[in-house]
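I opened this structure to see what its side chains do. My notes follow in the order I looked things up.

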Amino acid sequence: MGNGDSKLNFRKAVIQLTTKTQPVEATDNAFWDQFWADTSTTVHDVFALVPGVEIRAVREESPSNLATLCYKAVEKLVQGAESGIPSEKEKEIILNCTRLLTRVLPYIFEDADWRGFFWSSVPGAGRSGCLDESDDDGARPLAESLLLAIADLLFCPDFTVQSHRKGSADTEDMASLDSCEYIWEAGVGFAQAPPFNYLHDLHRSELLKLLLTCFSEAMYLPPSSDSKTLNPWVSFFCSSDNRHALPLFTSLLNVVCAYDPVGLGIPYNHLMFSDQREQLVEQAIQILIVTLEQEAGSSSASAALQAMTAASASPSTTVEDQEEPAAPDNLFVNYLSRIHREEDFSFVLKGLGRLLNNPLVQTYLPHSTKKINFHQEMLILFWKLCDFNKKFLFFVLKSSDVLEMLVPILFYLNEARTDQSRVGLMHIGVFILLLLSGERNFGVRLNKPYTVRVPMDIPVFTGTHADLLIVIFHKIITSGHQRLQPLFDCLLTIIVNVSPYLKSLSMVAANKLLHLLEAFSTSWFLFSSSQNHHLVFFLLEVFNNIIQYQFDGNCNLVYAIIRKRTLFHQLANLPSDKASIQKALQRKKRGAPSISRTTSAENISAEGSTPAVPTEPGTLKTSLEATPGIDKLTEKSQVCGDGTMVAVQQDNPQTSLDSSGITADSSGITGDSSGLTGDSDTESIIDRDDEIFHTDSEKPRSRLPSLSTAKWSAAPDWVMSWKTRLPLQTIMRVLQVLVPQVEKICIDKGLTDESEILKFLQHGTLVGLLPVPHPILIRKYQSNDGTAMWFRTYMWGVIYLRNVDPPIWYDTDVRLFEIQRI
């Protein structure tokens, strides 16, 4: 049969299905075989020949025909999984059924009345998985039969894995097949590298695409505040009912982490040869991040994870043979949390680092190396690894390897700061850095000199990775778009967390911090919102930490503070009477200087830099749920003398921590503050629309009611409530001691060169002159229902936008998020 005739016959079968008013019997094999047995179509053919309008028409007008189509397609997959697909004809049938179900399932999920169809019992379907058993008492839902069939097919010899048979006379018995021997790639828990077969990769990709479509039922449910809501498809697939759970988890993880898009490094090899593995890697990482979504709010599951990661494991044990009580129900989360061998951690970290750094690679020949596009999925996977497996997090932080992750994250943040369609990428990058910054080793690692230049439009500087982080954070705050405002607290919290360990800030980074303080401490900005003073508290805490704990070596910052000493005096003498408040706000209305106004140093960029570009017109973006305020996103921990951390009680934010008068609330995070909460686009719902970060061309949209009409206004009592708590004692003492000394040496020696002043400050000391050092306060990320819901919408939004070839969910009634065209 010619390919054209095959497509024509397939199209005729689709038309027959939509026009038949009478139900077609399931036993009419001649009719149903037209969809898979008598045709040869690609996945793109199926999407073109089965329009969404006609699927909806069948769903509404001939529901029994649609139900039978799904039943028969699943039946073919189950039969193929049982038989081992001995013939090429049967392989074609399996692929056709896979493509057809991938096309149809989203239209079943979008109708609430149909969602239970796959979870209803099919007559004659027994618990063993066979669809033709006579025992109806233990009938298995169609969804379970489908998922188990997909799992079996993913380890089907000569279809998705290399057969171990010596001869070719008989097929292997699928029921007794040990899939752990057929793991797709060497790596975690598996040492053998199977021979590469591009056909196997193509078949795996098609099956994984169908599996992802099964999981996507979550897209068609509105965001729910009920954190216990589970995805039944994911729950069953990752349960002990799936005998292939362990080898499949290992295969997916190894395929992703072993992938090398550059290969042998032959220039332009990606233009000369097709890379069949890239598609498989993309599907694998998307399946991984979906299956690793642990239900939020489940205290028992969280406790089990913590107990599991804290338990000491014997070096000889592997992922498979560890036995821990009260493990999470999700086996994929269970396996991920139990990885513990250093060689496995090294393999995973090197793989993630190689892929995240891939877009940063520069060569003399433009566009000569292959660039991957699934970095957002990579960031989500890295987040889940660090969140679920604390041993992996400690491994990442125990060496400078963490910087291999930091640099690409900062690169993506800088690149996406002006692109509204990538606001989710900004959030995931900042969340990862917030998680890392809660650990002391991260701050210590940042002191390594930054020598590897990547193409970023930032000022040229000679310094450390800490300088790079501060410079890019400054860039995000001063030249990012308005919807990044809720991240300002997170960005400054990260700097606060690492500040006690920063040994030597460059002059560029020091000036950036002072520039932020200058912008945030203007009276009209402080009086514009009930939350803005928090940013000043954060910056003052940064300066206090560095002065108290890293004064030696930070002469650049001390010099910058001395130069900008009027800022601190103005803060200490901030007027709080009603007339001054009104005068400051009137000055705002007349037009005040914007924080985005940069100094001349901003124009000096790194060689080969690529400036951030705004969103291209017509770009699609998906909306996001609100992110919690910083006080809900973090929990405070006090660093003890031996380096251990003790949680700080947050019930009473006014509780004094030490005799110097610095309180637990000195950061500006008050007990009654909800932080910078956001709406469904993660933009602030606090009244910030007309502040210095306002972009006239941007009109905020919200799925939640706006709070911008709240009748809040700055009052003298409110100003005094936080002004009296400004932690200025340490800085004022520094200025009191050093300013006269610097002035005297300048007069006596006639100094005009700042290098001499820096040399004087470098050899100075304030031992015995500063107040009693305040305890180091670290704000560690804590999981909560709000971030769990945010991650779900972000993850599925990424998957929706990345699967456009074919467009699996395009033009269906997705309800988890909104799709907007910028």
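Entry 1: I began with the cut-offs: a residue is buried under 20% relative accessible area, exposed over 50%, and partly exposed in between. The model is predicted, so I keep to local features with pLDDT of at least 70. I then looked up Pro222. Its relative accessibility is 41%, so Pro222 counts as partly exposed. Pro222 lies in the loop between α8 and α9 (232–237). Pro222 and Phe817 are 595 residues apart along the chain, yet their C-alpha atoms are separated by 7.6 Å.

**Entry 2: aromatic pairs.** I looked at rings next. How many aromatic pairs does the count come to? The count is 36 aromatic pairs. I picked Trp718 and Trp722 from them. Their ring centres are 5.6 Å apart and their planes stand at 70°; planes over 60 degrees apart count as edge-to-face, so this pair is edge-to-face. Both residues sit in helix α30 (residues 716–723). They are four residues apart, about one turn of the helix. Trp718 has 17% relative accessibility, so I note Trp718 as buried. Trp722 has 1%, so Trp722 is buried as well.

I then turned to Tyr800 and Phe817. The ring centres of Tyr800 and Phe817 are 5.7 Å apart and the planes are at 80°, so this pair is edge-to-face too. Tyr800 lies in helix α33 (residues 785–802), and Phe817 in the loop between α33 and β5 (819–821). The pair therefore ties together parts that are 17 residues apart in sequence. Is Tyr800 buried or exposed? Tyr800 is buried, and so is Phe817.

I also wrote down one aromatic cluster. Its members are Phe109, Trp114, Phe117, Phe118, Trp119, Tyr220 and Trp233.

Entry 3: Asp811 has a relative accessible area of 52%, so Asp811 is exposed. I checked Asp811 against Val53. The two are 758 residues apart in sequence and 9.9 Å apart in space, C-alpha to C-alpha.

**Entry 4: helix α8.** Which residues make the nonpolar surface patch of about 330 Å²? They are Phe196, Tyr198 and Leu199. Leu199 is found in helix α8 (residues 198–215). At a relative accessible area of 40%, Leu199 is partly exposed.

I then moved on to salt bridges. Side chains of opposite charge can pair when their charged atoms come close. The count comes to 30 salt bridges. One of them joins Asp201 and Arg277, with the closest N and O atoms 2.9 Å apart. Asp201 is in helix α8 and Arg277 is in helix α12 (residues 276–291), so I have a link between distant parts of the chain, 76 residues apart. Asp201 is buried, at 1% relative accessible area. Arg277 is buried, at 11%.

Entry 5: I looked up the second largest pocket. Its volume is about 710 Å³. It is lined by 27 residues, and Asn373, His375, Gln376, Arg422 and Arg802 lie nearest its centre. The elements that give two or more residues to this lining are α16 (375–388), α18 (402–416), α19 (423–437), β1 (620–622) and α33. Which element gives the most to the lining? α33 does, with five residues.

I followed Arg422 from there. Arg422 meets Glu415 in a salt bridge, 3.5 Å from N to O. Arg422 has 19% relative accessibility, so Arg422 counts as buried. Glu415, at 28%, is partly exposed.

Entry 6: Arg565 forms a salt bridge with Glu743, the closest N and O atoms being 3.8 Å apart. Arg565 lies in helix α27 (residues 565–572) and Glu743 in helix α31 (residues 729–749). The pair links distant parts of the chain, 178 residues apart. Arg565 is partly exposed, at 27% relative accessible area. Glu743 is partly exposed, at 41%.

I closed with a network.

Conventions:
Residues are numbered from 1 along each chain as its sequence is written. Side-chain values use heavy atoms; hydrogens and water are left out. Rings of Phe, Tyr and Trp (its six-membered ring) pair if their centres lie within 6.5 Å; planes under 30 degrees apart count as stacked, over 60 as edge-to-face and the rest as tilted. Buried means under 20% relative accessible area, exposed over 50%, partly exposed in between (1.4 Å probe, protein chains only). Patches are made of residues with over 30% relative accessible area and no salt bridge: like charges are joined within 9 Å, nonpolar side chains (Val, Leu, Ile, Met, Phe, Trp, Tyr) within 5 Å. Accessible areas come from the Shrake-Rupley method with a 1.4 Å probe; for residues, only the protein chains shown count as cover. A salt bridge is a side-chain nitrogen of Lys or Arg within 4 Å of a carboxyl oxygen of Asp or Glu. On a 1 Å grid over the protein atoms alone, a cavity is a set of points where a 1.4 Å probe fits but cannot get out, and a pocket is an open set with protein on both sides within 12 Å along at least five of seven lines; lining residues have an atom within 4 Å of a point. Grid points are joined across faces, edges and corners, and a volume is the space filled by probe spheres set on the points.
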